[in-house]
Amino acid sequence: MKVLVATEKPFAKVAVDGIRSEVEKAGYELALLEKYTDKQDLLNAVKDADALIIRSDKVDAEVLNAAEKLKIVVRAGAGYDNIDLDAATVHKVVAMNTPGQNSNAVAELVFGLMVMAVRHFYDGTSGTELKGKKLGIHAFGNVGRNVARIATGFGMEIYAYDAYCPDSAIEAEGVHPLHSAEELYTTCDVVSLHIPATAETKNSINKALVGRMPKNGLLLNTARKEVINEPELIELLTERQDLRYVADIKPDADEQFQTFSGRYFATPKKMGAQTAEANINAGIAAAKQIVDFFQNGNTRFQVNK
Ligand code: 3PG
C-alpha cells in the first residue's frame with residue numbers, strides 16, 4: 001500500500017517525519033512529492049498511489065484519471081475546494097479533510113495581520129489599538145472560534161454571523177450573534193473572513209457589503225481569494241480612501257491592489273496554516289484517517305457523500 005504526500009507547499013520536516021511514522025507503523029510505504037512546479041510531476045507520482053495526502057494542491061479529474069489505484073485523498077486542512085468532489089465520487093475515491101487541525105495557526109495569523117494593519121505596517125506613524133474595537137467574525141467555524149478566543153484577550157467587542165450556526169453556540173463563546181452579513185459589516189470596525197469557497201460564497205464579498213463598513217474599516221481575508229469580488233473591492237477602495245484590505249491569499253488583481261499603498265497587504269504565499277504545529281496536527285490526522293479507512297473502513301471525515 002503506497003501513501004503519497006503531494007505538497008506544492010511542503011509541511012515542516014517534523015510533520016513529514018510524523019506522517020512517515022504513522023504510515024510505516026501500519027506497514028505501508030510513504031512517497032513524497034514536494035515543491036513540484038509541473039502538474040505532470042503530480043500526474044506521474046499518483047499513478048501507483050493507493051492514498052494521497054495533499055494541502056491546497058489541486059486534485060481534478062485529470063489527476064483522478066491518472067491515479068488508477070487511488071482509494072482515498074485526504075486534504076490535510078479545512079477547505080476542500082481544491083478537490084473535484086464529483087470526479088472523486090465518479091472514480092470511487094473517498095475524499096476527506098481534517099477539520100480543526102490547523103485552525104489555531106490561521107487564527108493567530110489573523111491577529112498578526114490585524115496588529116500590523118492598525119499599526120500602519122510599522123511605518124513609524126501613530127496607529128490605533130484593538131481594545132474596545134468591534135470585531136466581526138464572518139462564519140463561526142473552527143477558525144472563527146479560535147479568532148473569538150484570541151480577540152477576547154485583546155479586549156475587543158466580538159460579533160459573529162454564521163447562517164449555519166445557532167445563536168446559542170455563538171453566545172456560548174461570549175460572542176454577540178448577528179443575523180445577516182449586512183448587519184455584521186455595518187456594525188464592525190474589523191471584519192475577519194472565515195467562509196469557505198463554495199458556489200454560494202464565491203464573489204459574495206462585494207462593494208455593497210464591504211461598503212457598509214464604518215470609517216477606517218479593515219477587511220481581513222485568511223479564507224479564500226475566490227470569495228472576494230475583486231473588481232468591486234478595487235472600485236470601493238478607490239472611492240473610500242479610509243478602507244483597508246489585508247489578505248493571506250494574494251488576489252488575482254494583486255498589482256491593482258498594490259496601488260492602495262498603506263491600505264493593502266497580502267502575504268506572498270498562503271501562510272495561515274504554515275506552522276510546525278498545524279503541519280503536525282493536520283498531517284498526522286490525515287495519515288491516521290487513511291490508516292483507519294483502510295483498516296476499519298472509517299469514513300467519518302468524508303466530504304464527497
Ligand atoms: C485550509 O483550508 O486548511 C487552509 O487554507 C490551509 O491551507 P494550506 O494547507 O494550503 O496552507
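I started at the ligand: one of its oxygen atoms is 2.7 Å from an N or O atom in the side chain of lysine 270, a polar contact (a pair of N or O atoms within 3.5 Å). I am working with a predicted model, where local features need pLDDT of at least 70, side-chain atom pairs count only at pLDDT 80 or more, and totals for chains, interfaces and linings use all residues. Residues are numbered from 1 along each chain as its sequence is written, and side-chain values use heavy atoms, with hydrogens and water left out.

A polar side-chain atom of asparagine 102 lies 2.9 Å from a ligand oxygen, and a backbone N or O atom of glycine 79 lies 2.8 Å from a ligand oxygen. The residues around the ligand (a heavy atom within 4 Å) include Lys9, Arg55, Ser56, Arg75 and Arg224.

Then I turned to helix packing. H1 (residues 13–25) and H12 (residues 276–296) pack at about 15°, with axes 8 Å apart; axes are lines fitted to C-alpha atoms over the stretch in contact, and angles run from 0 to 180 degrees between N-to-C directions. That makes H1 roughly parallel to H12 (angles under 35 degrees). I noted a right-handed crossing for H1 and H12.

For H5 (residues 103–118) and H6 (residues 142–154), I found axes that come within 8 Å and cross at roughly 45°.

Technical notes
Helices (H or I, at least four residues) and strands (E, at least two) are DSSP runs, numbered from the N terminus. Angles under 35 degrees count as roughly parallel, over 145 as roughly antiparallel, 65 to 115 as roughly perpendicular and the rest as oblique. A crossing is left-handed if the near helix is turned anticlockwise from the far one by less than a right angle, and right-handed if clockwise. A polar contact is a pair of N or O atoms within 3.5 Å; within protein, one must be able to donate a hydrogen and the other to accept it, and residues adjacent in sequence count only if both atoms are side-chain atoms.
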